[in-house]
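I opened the model today to look up a few spots. My notes follow in the order I checked them.

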Amino acid sequence: MDKYDAIVIGSGISGGWAAKELCDNGLKTLVLERGRDIKHIKDYPTATLHPWEFKHRGRMPKSFTDENPITTKAWLFDESSYHFFIEDKDHPYVQKKPFDWIRGYQVGGRSLTWGRASQRWSDHEFKAPSRFGYGIEWPVGYNDIAPWYEHVEKFAGVCGAKDGIESMPDGNYLPPYELNCVEKHMQKTISKHYHDRKMIPGRWAHLSEPEEIHLKQGRSKCQSRNLCVRGCPLGGYFSSVASTLPWADKTGNLTLRPFSVVHSIIYDEKTGKASGIKVIDTNSHEEMEFHAKIIFVNASALNTNLILLNSKSKRFPNGLGNDNGILGKYICFQNYRPSAWASIEGFDDKYVNGKKPTGPIIPNFKNFKEKNTEFNGGYITFSGAIRPKRNVIPEDEPQLGVGFKHKLSEPGDWIVYMYMQGETVPKETNRVYLSKNKKDPWGIPQLVTDISYDDNDEKMINDFHKEAKEMMEKMGCTNINLVDNKQNPGIDIHEMGGVRMGKDPENSLLNEFNQLHLCKNVFVTDGACMTSTGNQSPSILYMALTARAANYAADQLKKGKL
Ligand SMILES: Cc1cc2nc3c(=O)[nH]c(=O)nc-3n(C[C@H](O)[C@H](O)[C@H](O)COP(=O)(O)OP(=O)(O)OC[C@H]3O[C@@H](n4cnc5c(N)ncnc54)[C@H](O)[C@@H]3O)c2cc1C
């Protein structure tokens, strides 16, 4: 069968949601995924392994790291999770400036390995770029998205408290995880000394107390194993593989085609619409076409840019919908460079009872409502306290013997940490485009990344260090260590933009329902659609935008308007 009501490109976080909503609306939906199939539980080969069952005790051999210098830098990449990340050599791209592009090419995409932090944007984040003059106006605001946040949070399961903080609105949350004793001390200190900030329990896509809708998906309570990146056999955290895709499958409306790399979208000059997709089977290298009434592009931000740039026709010689020439431009990311680490005394007789999969957050308190710094944008601070065993044995002491073994059974010192997740400013000069002469193994032009930090990012880093140091001092911390890891853009894994939403077709590509202004039956709802980055973790917003756009598309289709 090559004709469907809808085609979804990509089966990761946003593609999974598109599939679920379109199938729930009765649309025969084809999901095209370049990677292999992954089935919940069956395809989590490391999920229940003990440390000693790994050939290299959790680390990858040097030969692998040497061959894969980018992917092995990824947070949470190790011997237990490497099969959910790509190998660099198989998927080349051109870095005009250093950019670490972290990818997971399989059914489920990076929903299998994501960190699961899931806060809502405030209305201010939608408004700030145009208000303070560092971006264009979003065509939607918080009130447009709030019902869809509600919709996706309920189904995915997000834990958190009702904290009543304007810069991070409350959602439809399952019970939060309790802060540990040091975190409670940190929380109290912050509330005592500051009126503009609070420390709150993390908002994470975990089933702290599953509800009926989660049990119906076949998922169960998170057991705080903290081995999420291996794939959770309990479905304790949200992934497309555990949640949206099996749900879509049960409707009988889903066809999932793995090993199908999308080359381009086919544009029909007569109808002024996209008529289908050109695909290359990654095993046979056979070229084929699939047709549908509507197309959702959810290949992850940069791959979505690549597909649209490569969708050339007589009408659109520079890429689908790209009359204004901004496709691939205004790429942005989030700034994760700075952190602060310190010791804290007075809690040595206390320990934690088990693990927890979340960490506390200090919501943004910079440039909120008023611009009160010399940089643009805001940041949130992930923060907390841990008591790692590895801290017990200084490196210059013997690492074997009886004394060593005894020390291993003792908890280490408490460590307080803070790290930043900062907004970056969308700029025309941060862009991706197609290489003129380099192709990937399927004959598709390679993507060139031309993306870097700027002075605004440096100023934000300095400000974070100043604030973190002051807060830690008030908490009574010692040995405060301020770090700037100078990591490349990309490794934050929150890349966005290039196909941004906007009110004006002159300076944007997508309208308020994520439709291409110039090709209305093509919807882009992954990170490529982002007009600005905000300071929250972005994926829950991709989910909400996708669910909203998919229901709109289904409705328009039923009314014969698409
Ligand atoms: C270690 C880690 C931690 C993270 N932590 C967080 C967090 O705490 N909070 C948060 O909000 N986000 C987090 N993220 C980011 C999050 O994973 C992404 O924002 C999210 O997965 C993006 O969803 P997506 O659907 O756009 O892309 P993906 O989930 O990457 O899925 C894209 C899919 O499209 C497929 N595809 C690509 N190109 C093609 C093509 N040409 N043809 C067919 N298929 C194609 C891919 O194989 C993939 O399956 C984290 C990511 C990682 C890796």
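Where does F316 lie? I found F316 in the loop between α8 and β8 (329–332). Before going on I noted the ground rules. This is a predicted model, where local features need pLDDT of at least 70, side-chain atom pairs count only at pLDDT 80 or more, and totals for chains, interfaces and linings use all residues. Residues are numbered from 1 along each chain as its sequence is written, and side-chain values use heavy atoms, with hydrogens and water left out. Helices (H or I, at least four residues) and strands (E, at least two) are DSSP runs, numbered from the N terminus.

**Entry: F316**

I checked burial next. F316 counts as buried, at 1% relative accessibility. Buried means under 20% relative accessible area, exposed means over 50%, and partly exposed is in between (1.4 Å probe, protein chains only). I then listed contacts, meaning heavy atoms within 4.5 Å. Leaving aside neighbours within four places in sequence, F316 touches Y267, S311, G321, N322, D323 and L518. I also took one distance. E269 is 47 residues from F316 in sequence, and their C-alpha atoms are 9.8 Å apart in space.

**Entry: the ligand**

Which residues come nearest to the ligand? I got S14, E33, R110, G115 and V262, out of 37 residues around the ligand. A residue is near if one of its heavy atoms lies within 4 Å. I looked at N and O pairs here, using the polar contact limit of 3.5 Å; within protein, one atom must be able to donate a hydrogen and the other to accept it, and residues adjacent in sequence count only if both atoms are side-chain atoms. E33 has a polar side-chain atom 2.6 Å from an oxygen atom of the ligand. At G109 a polar backbone atom is 3.4 Å from a ligand oxygen atom. For S539, an N or O atom in the side chain is 2.9 Å from a nitrogen atom of the ligand. The ligand taken alone exposes 990 Å², and the protein buries 97% of that. Accessible areas come from the Shrake-Rupley method with a 1.4 Å probe; for residues, only the protein chains shown count as cover. I noted which elements give two or more residues to the shell: α1 (13–24), β5 (260–268), α8 and α11 (539–558).

**Entry: the three-strand sheet**

I found α8 again here. Helix α8 (residues 301–309) lies across β13 and β14, at about 60° to β13. Axes are lines fitted to C-alpha atoms, for helices over the stretch in contact, and angles run from 0 to 180 degrees between N-to-C directions. The sheet is open, its order is β3-β14-β13, and the pairing is mixed. Two strands pair if DSSP finds at least two bridges between them. β3 (94–95) and β13 (431–439) are at the edges with a single partner strand each, so one side of each has no neighbour in the sheet. β13 and β14 (residues 445–450) run antiparallel, joined by five bridges. V432 stands opposite T449 in β14.

**Entry: the five-strand sheet**

What is the strand order in the open sheet of five strands? I read it as β10-β11-β12-β9-β15, with antiparallel pairing. β10 and β15 are the edge strands, each pairing on one side only. β9 (residues 338–343) is joined to β15 (residues 478–484) by five bridges, with P338 opposite D484. Five bridges also join β9 to β12 (residues 415–422). There S339 faces Y419, and S343 stands opposite I415. β11 and β12 pair over eight bridges, and A385 stands opposite V416. β12 is largely enclosed by the rest of the structure, because seven of its eight residues are buried.

I checked the helices too. Helix α5 (residues 181–193) lies across β10, β11 and β12, at about 140° to β11. Helix α10 (residues 455–475) lies across β9, β10, β11, β12 and β15, at about 155° to β12.

**Entry: N367**

Last stop was a loop residue. N367 is in the loop between β10 (361–362) and β11 (379–386). Is N367 buried or exposed? N367 counts as buried, at 4% relative accessibility. Its side chain makes a polar contact with the side chain of T373, at 3.0 Å. Not counting residues up to four places away in sequence, N367 touches H124, F132, N372, T373, F375, N376 and G377.
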